[in-house]
Amino acid sequence: MIVTPWEVSGRIDYEKLSREFGTEALTIDLLDRVQKHAGKLHTQLRRRIFFSHRDLNWILDEYEKGRKFALYTGRGPSGPVHIGHIVPWIFTKHLQDVFKANLFFQMTDDEKFLFHQNTKLDDPFRWTYENALDIIAIGFDPKRTVIISDIKNINYLYELAIKVAKHMTFSTVKAVFGLQESSNIGIIFFPAIQSVPAFLPSAVSGKSVPCLIPAAIDQDPYWRIARDVAPKLGFPKPAQIHSKFLPGLGKGGKMSASMPETAIFTTDSPEIAERKIMSAFTGGRTTIEEQRKLGANPDICSVYHYEYFLFMDDDKDIEQLRRDCLSGHILCGECKKMLAERVKPFLMEHQAKREKAKDHIEEFLAESKGVDLPE
Ligand code: TYM
């Protein structure tokens with residue numbers, strides 16, 4: 001398995017990954033503590049879609065003492081948003097609602113320019129706008145959220161970025177990210193930029209504000225080095241909560257915008273989404289007879305995973321679906337149809353919210369509101 005911020009491939013063993021990255025599993029005790037505040041555990045926690053963390057217990061300790069924390073997450077705008085990206089965003093919105101937390105949302109348009117050889121600057125600009133509509137459509141609170149574009153809003157980031165950069169050596173960045181001597185120097189500096197929003201809540205408010213970063217685990221290398229730098233600059237170490245990856249519609253691998261036929265984009269028409277779902281890879285058998293007799297395998301089935309991650313909220317329903325799949329009671333065609341019927345209205349609703357977002361995007365952008373959010 002390979003898991004880096006730029007490449008995720010192979011069969012992912014999340015326990016092994018957590019050991020290798022040095023993160024901690026979400027224990028029942030910790031989930032009980034979250035539940036105490038949330039009332040009900042979010043689906044993504046109940047199902048361990050968010051499965052590991054760093055310092056979440058400390059974030060809760062501080063919160064329970066009356067010290068609020070900020071949330072930080074982001075997007076590298078290089079194309080349309082797919083339904084894998086929104087997994088951590090849906091959870092981030094839940095955390096914002098429960099803990100009344102300010103959210104710093106970074107758009108790393110510089111990252112995409114630097115990493116993709118053929119990308120012109122116009123593309124990230126366009127995608128920053130387009131993707132911001134998706135972010136707003138998730139339903140974040142405009143009073144408590146700011147979207148920061150690295151390129152357009154560098155004035156809010158640069159001072160901190162150079163302070164961070166001074167404590168990051170080339171050899172560390174090279175080792176953590178697997179860079180080469182031939183890597184362009186923008187990429188070498190970039191990890192400092194992605195670290196900055198974790199410290200921004202403290203820097204702008206002038207006091208020490210804990211920060212929690214919800215994201216899939218591919219982003220973890222950034223946080224490892226940001227955590228080393230934090231105490232050197234007098235900031236608290238940013239805490240994390242990590243999610244698993246929503247797989248693509250093909251066989252294996254995470255959903256990725258670079259494989260458009262195996263990704264469902266938030267801007268896909270319901271018909272296109274349905275067509276993609278109907279040709280998805282499943283855990284089915286070669287013949288109907290065989291499947292009725294031997295059952296299918298939900299663990300390798302993308303259709304089952306979409307229900308599990310996003311669309312089937314009731315635990316009884318998902319358990320029933322799993323049993324029906326394993327026993328051969330339900331066939332893959334029926335299952336795909338069922339999923340398509342849930343995905344289509346979801347997309348239509350999301351797209352309507354995206355359209356509405358065009359009218360109040362300024363309420364979210366750093367260039368119009370600054371980055372100093374009210375407490
Ligand atoms: P990006 O644009 O690659 O991904 C945006 C967010 O989506 C998560 N993600 C997924 N989650 C579940 N299933 C998937 N298939 C899937 N694919 C991607 C990513 O982990 C991420 O949370 N460098 C970052 C942008 C960034 C950022 C951050 C992300 C800047 N600051 C702070 C998270 C937190 C990037 O290119 O993300």
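Which residues is L45 in contact with, leaving aside its neighbours within four places in sequence? They are L26, L31, V34, F50, F91 and I241, where contact means heavy atoms within 4.5 Å. The model is predicted, so local features need pLDDT of at least 70 and side-chain atom pairs count only at pLDDT 80 or more, while totals for chains, interfaces and linings use all residues. Residues are numbered from 1 along each chain as its sequence is written, and side-chain values use heavy atoms, with hydrogens and water left out.

**Aromatic pairs**
- The whole structure contains 19 aromatic pairs, meaning Phe, Tyr or Trp rings (for Trp, the six-membered ring) with centres within 6.5 Å; planes under 30 degrees apart count as stacked, over 60 as edge-to-face and the rest as tilted.
- Y14 and F245 form a tilted pair, with 6.3 Å between centres and 40° between planes.
- Both Y14 and F245 are buried, that is, under 20% relative accessible area, against over 50% for exposed and in between for partly exposed (1.4 Å probe, protein chains only).
- The ring centres of Y63 and F99 are 4.9 Å apart and their planes lie at 85°, so this pair is edge-to-face.
- Y63 is partly exposed at 22% relative accessible area, whereas F99 is buried at 4%.
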